[in-house]
Amino acid sequence: MNGPLSETGELREDYLQSAAIDARLEHIEELMSELHDWMRSEQVASLPAPYRRLFSHLIANDFERRYAASLVRAIHQTNGTRDLPQDDLYAAAAREIDADLDRWNEALPSVQRRSPGERPYVVALVGASGAGKTTLMYKLAVRGVLNQGLRVKIVSSDTYKIGSVEGVQTIADILSVPFGIAFEPAEVEAQIESGDTDLVILDTAGRSDRPSREELAGFLAAARADETHLVLPATMSQRALQETAALFLGERLSCVSFTKLDEAPSLGGMISSGRWIGLPMGYVSTGTAIPDDLLAASDAPIGEWGVRGVPQPDHDTEAPHV
Ligand SMILES: Nc1nc2c(ncn2[C@@H]2O[C@H](COP(=O)(O)OP(=O)(O)OP(=O)(O)O)[C@@H](O)[C@H]2O)c(=O)[nH]1
Ligand SMILES: [Mg+2]
């Protein structure tokens, strides 16, 4: 039988599989042809084969092509005609990426205990819907309590989603940290000032339409945060990351923290868009375990992960997840 339909009139499984393979092959052919053009336009085509392979590898890992080419050319310039094995080339690329990265100096270790009546240190989290802001808030809260011995309060201004307030209350109870809800910007200051706390972490709603962004600006103005993190998932494409980041760049942002590195098929998009966004990298989140799956970007081998992939998290499976 040659047609796509089986005797019962359904699409044949083998037909579907071969159609999928054809589509994949077509995509690979397109990519190869683009790669060839890019190598020529980015002056990579004339480099020795191992460098061209490194370029292809970086492109396959979603690095922006100009950046991938500049990395490869820089490594070639440093090493001249020396024939480096692939492993050394990958290590050199990782070093080059790390040297390019601007990383935020984690402030939590230097947050002082506040005297009575003194305003706490405020960290605000903004960003894409579902990015992992609320999860990051919980992780930072536990980190502040356990690692720094701080009195931490979590404050949420996300009152839109059904169950979000109850959700924060439940987790705050489990983590034994006080929490507050701000329905209006005017309530933010009261939530920050009330209680003897050293550190307040403010979570916001991940809505990015214009009225919501204006409302967010109101919350941020009221919070007068010491640091404001733009939170974005590393699973987004470079283009989506940049488009989403652009919506928030009008705010006074301190850094960009990336989440879901464990689920990202590659980190080239995250690293390349991070350079485009132009903010230092704050934290990176590598899973849902609280607070284990969180690293200050300055402690994370981002270059290595960008070139060789993120290792699967190896944490205590008993750690709480949300
Ligand atoms: N795999 C993985 N999942 C994560 C990570 N961070 C958060 N998540 C999950 O992503 C989902 C969304 O996380 P939230 O923290 O609710 O995201 P949010 O930014 O607060 O979302 P909104 O409030 O809807 O804007 C949840 O299921 C989290 O468990 C991470 O680093 N890795
Ligand atoms: Mg949330």
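## Stop 1: around the ligand

Select the residues around ligand 1. This shell splits into 2 nonpolar, 11 polar and 6 charged residues. Here Ala, Val, Leu, Ile, Met, Phe, Trp, Tyr, Cys and Pro count as nonpolar, Asp, Glu, Lys and Arg as charged, and the others, Gly among them, as polar. Which residues come nearest to ligand 1? Of the 19 around it, they are G132, T134, T135, G206 and S285. A residue is near the ligand if its C-beta atom, placed from the backbone, lies within 6 Å of it. Now colour helix α5 (residues 133-146), which supplies the largest share of the shell, 3 residues. Helices (H or I, at least four residues) and strands (E, at least two) are DSSP runs, numbered from the N terminus.

A word on the model before moving on. It is predicted: local features need pLDDT of at least 70, side-chain atom pairs count only at pLDDT 80 or more, and totals for chains, interfaces and linings use all residues. Residues are numbered from 1 along each chain as its sequence is written, while chains are lettered from A and ligands numbered from 1 in the order in which they are written.

## Stop 2: the whole chain

Zoom out. The protein chain has 11 helices and 8 strands. Its C-alpha atoms fill a box of roughly 70 × 65 × 40 Å along the principal axes. Of its 322 residues, 40% count as buried. Buried means that 20 or more other C-beta atoms lie within 10 Å of the residue's own; exposed means 12 or fewer, and partly exposed is in between, with C-beta atoms placed from the backbone.

## Stop 3: two domains

Colour residues 13-100 and 108-308 separately. These are domain 1 and domain 2 in the domain assignment, whose bounds come from an automatic or database source. Their centres, taken over C-alpha atoms, are 34 Å apart. The contact between them takes 13 residues from domain 1 and 13 residues from domain 2. Two residues are in contact if their C-beta atoms, placed from the backbone, lie within 7 Å. Which helix gives the most to the domain 1 side? Select α4 (residues 86-100): it gives 7 residues. The domain 1 side as a whole divides into 7 nonpolar, 1 polar and 5 charged residues.

## Stop 4: the core

Select F55, I201, A223 and L232. In the largest nonpolar core, which has 82 residues, these four touch the most other members. Such a core is a set of buried Ala, Val, Leu, Ile, Met, Phe, Trp, Tyr and Cys residues joined through C-beta atoms within 7 Å. This core draws at least three residues from each of domain 1 and domain 2. Stay on F55. Setting aside neighbours within four places in sequence, F55 contacts M39, V44, A68, A69 and V72.

## Stop 5

Go to helix α9 (residues 238-248). L241, T244, A245 and F248 are buried there. Why are they on the same side of α9? They cover an arc of only 100° around the axis, an arc being that of the directions from the helix axis to the C-beta atoms. The buried residues of α9 pack against β1 (121-127), β5 (227-233) and α10 (268-277). On the face turned away, find the exposed residues R239 and A246.

Next, select helix α7 (residues 185-193). V188, Q191 and I192 are buried. Elements covering them include β2 (152-156) and α8 (210-223). The exposed residues A186 and A190 sit on the face turned away. After α7 comes G195, with a positive phi near 90°.

## Stop 6: backbone details in loops

Select D62, in the loop between α2 (49-60) and α3 (65-79). Its phi is near 70°, a positive value in a residue other than glycine. Is D62 buried or exposed? D62 counts as buried because it has 20 C-beta neighbours inside 10 Å.

Jump to R224, in the loop between α8 and β5. Phi of R224 is near 40°, also positive in a residue other than glycine. R224 has 13 C-beta neighbours inside 10 Å, so it counts as partly exposed.

Finish at P291, in the loop between β7 and β8 (294-296). The peptide bond from I290 to P291 is cis, with omega near -5°.
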